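This briefing covers aromatic pairs, strand pairing and the nonpolar core. Please look at the sequence and the structure first, then read the points below.

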Amino acid sequence: MSAEEVVELATAFRLYGFWRFDIETGHLFATEDVSRIFGIEHREGPMNLVEIGARIHPEDMPLLMETFERASAGRLTYHNIYRIKSDAEHYKYVRTVGKFRDRPGSSGEVVGITYEFFERRPGVTFFLDEPDD
């Protein structure tokens, strides 16, 4: 399978958003799917970190911040599963996987992927397209 086919299959049944955090400027840039996952309006340019933080469950925020700081300082790869608001009263689980990446002439950046996390249900099959006969 090509890289494009792998991404196409991975994103067929859930939202996958890709992002980049510029350590020097403190700006987060992300695809439209990240905004959709967090339930916020997508805009071109840097994302509003206050708006994103307000969507994360307050009990999960300290661990997320600590993990991100350690990954940035130690140039590490990491992952977190945490809760974000799905509506006024409920939360859903998402997973973020990120890694430090050197960027010449700068302090570097952290890049990653965020996706909705849900349990698998064995025996359930979905067809998105009609098969070609």
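Phe21, Phe68 and Tyr78 form one aromatic cluster. The model is predicted, so local features need pLDDT of at least 70 and side-chain atom pairs count only at pLDDT 80 or more, while totals for chains, interfaces and linings use all residues. Residues are numbered from 1 along each chain as its sequence is written, and side-chain values use heavy atoms, with hydrogens and water left out.

**Aromatic pairs**

- Rings of Phe, Tyr and Trp (its six-membered ring) pair if their centres lie within 6.5 Å; planes under 30 degrees apart count as stacked, over 60 as edge-to-face and the rest as tilted.
- By this rule there are 3 aromatic pairs.
- Tyr16 and Tyr115 are a stacked pair, because their ring centres are 4.8 Å apart and their planes are at 25°.
- This pair links distant parts of the chain, with Tyr16 in strand 1 (residues 16-22) and Tyr115 in strand 5 (residues 109-116), 99 residues apart.
- Helices (H or I, at least four residues) and strands (E, at least two) are DSSP runs, numbered from the N terminus.
- Tyr16 has 15% relative accessibility and therefore counts as buried; buried means under 20% relative accessible area, exposed over 50% and partly exposed in between (1.4 Å probe, protein chains only).
- Tyr115 is also buried, at a relative accessible area of 10%.
- Phe21 and Phe68 form an edge-to-face pair, 5.0 Å centre to centre with 90° between the planes.
- Here too distant parts of the chain are linked: Phe21 lies in strand 1 and Phe68 in helix 4 (residues 61-74), 47 residues apart.
- Phe21 is buried, with a relative accessible area of 15%.

**Strand pairing**

- Two strands pair if DSSP finds at least two bridges between them.
- Strand 3 (residues 77-85) and strand 4 (residues 91-101) run antiparallel and are joined by 9 bridges.
- A hairpin of 5 residues connects strand 3 to strand 4, and Thr77 stands opposite Lys99 in strand 4.
- Strand 4 and strand 5 also run antiparallel, with 8 bridges between them; Val94 stands opposite Glu116 in strand 5.

**Nonpolar core**

- A nonpolar core is a set of buried Ala, Val, Leu, Ile, Met, Phe, Trp, Tyr and Cys residues joined through side-chain atoms within 4.5 Å.
- The largest nonpolar core has 20 residues, and Trp19, Phe38, Met47, Ile52, Ile56, Tyr82 and Ile84 touch the most other members.
- Strand 1, strand 2 (27-30), helix 2 (32-38), helix 4, strand 3 and strand 4 each supply at least two residues of this core.
- Leaving aside neighbours within four places in sequence, Ile56 is in contact (heavy atoms within 4.5 Å) with residues including Phe38, Tyr82 and Ile84.
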